[in-house]
Amino acid sequence: MTYNIFGNENKMSERIFSELYEIMEYSFPDDERRDREAQRKAAENPAFGVMTASENGAVIGFITFWQLLGCVYIEHFAIARELRGKGLGAEMIKRFCERFYGRRIVLEAEPPSLGEIAARRVGFYNRLGFVLNGYFYLQPPYRNDGNPVELKIMSLGEPLSEDDFRDVKRLLYSDVYGVRE
């Protein structure tokens, strides 16, 4: 298994982007991801980065993230469907968190009340040290014709105070989604 970080200094190739986006397309519904061209444009932002896991040169998993003032935000994380449930995802998240040790790391997750899959996903992140914050949060639409999605913010290590949550939400809205509250 090979792990790589791509960003401004280390641009990913078109092949890597295509493999990553293929996994993203089947892993996330339209309302929870950008279209291909918007994703390519997001990758040009200096705050945006990608961590890939590869085997035999092929992308088998990825984490897209944003290094923001005050936190590192995991935007998307997925493992190729045929390799899920083998511990690769947990290993990838652990390596990512080690890379950004000492920084506040946050991510969005579906509320566990949505069903068994959402609850299992939150449980996965809990086992890796993330905690669910109880504050109301709407992910802004990724697309002009898209819908906002009610999610929860999870943070590594400790829950966010109400003030910290507001700061994180403001950062995500402005720097990632390009909207003002």
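1. Ring pairs join Phe77, Phe124, Tyr125 and Phe130 into a cluster. Rings of Phe, Tyr and Trp (its six-membered ring) are paired if their centres lie within 6.5 Å; planes under 30 degrees apart count as stacked, over 60 as edge-to-face and the rest as tilted. Over the whole structure, the search finds 13 aromatic pairs. One of them is formed by phenylalanine 96 and phenylalanine 100, a tilted pair with 4.8 Å centre to centre and 45° between the planes.

2. The model is predicted: local features need pLDDT of at least 70 and side-chain atom pairs count only at pLDDT 80 or more, while totals for chains, interfaces and linings use all residues. Residues are numbered from 1 along each chain as its sequence is written, and side-chain values use heavy atoms, with hydrogens and water left out.

3. Phenylalanine 96 counts as buried because its relative accessibility is 0%. Phenylalanine 100, at 4%, is likewise buried.

4. The largest pocket holds about 940 Å³ of space. Of its 32 lining residues, the closest to the centre are Phe77, Arg84, Arg121, Phe124 and Tyr125. On a 1 Å grid over the protein atoms alone, a pocket is an open set of points where a 1.4 Å probe fits, with protein on both sides within 12 Å along at least five of seven lines; lining residues have an atom within 4 Å of a point. Grid points are joined across faces, edges and corners, and the volume is the space filled by probe spheres set on the points.

5. Which elements each supply at least two residues of this lining? They are α1 (14-27), β4 (71-79), α3 (88-99), β5 (105-109) and α4 (116-127). Helices (H or I, at least four residues) and strands (E, at least two) are DSSP runs, numbered from the N terminus. By class, the lining has 17 nonpolar, six polar and nine charged residues. Here Ala, Val, Leu, Ile, Met, Phe, Trp, Tyr, Cys and Pro count as nonpolar, Asp, Glu, Lys and Arg as charged, and the others, Gly among them, as polar.

6. Serine 155 belongs to strand β8 (residues 149-156) and is buried, at 1% relative accessibility. Its side chain makes a polar contact of 3.0 Å with the side chain of asparagine 133. A polar contact is a pair of N or O atoms within 3.5 Å; within protein, one must be able to donate a hydrogen and the other to accept it, and residues adjacent in sequence count only if both atoms are side-chain atoms.

7. Glutamine 139 lies in strand β7 (residues 137-139). This residue is buried because its relative accessibility is 3%. A polar contact of 3.1 Å joins its side chain to that of tyrosine 177. Leaving aside neighbours within four places in sequence, the contacts of glutamine 139 (heavy atoms within 4.5 Å) include Asp31, Glu32 and Pro148.

8. Arginine 95 is found in helix α3 and is partly exposed, with a relative accessible area of 38%. Not counting residues up to four places away in sequence, arginine 95 touches Tyr3 and Met51. The C-alpha atoms of arginine 95 and tyrosine 3 are separated by 8.8 Å, although the two are 92 residues apart along the chain.

9. Is asparagine 56 buried or exposed? At 82% relative accessibility, asparagine 56 counts as exposed. It sits in the loop between β2 (48-55) and β3 (58-68).

Notes:
Buried < 20%, exposed > 50% of the residue type's maximum accessible area, 1.4 Å probe, protein only.
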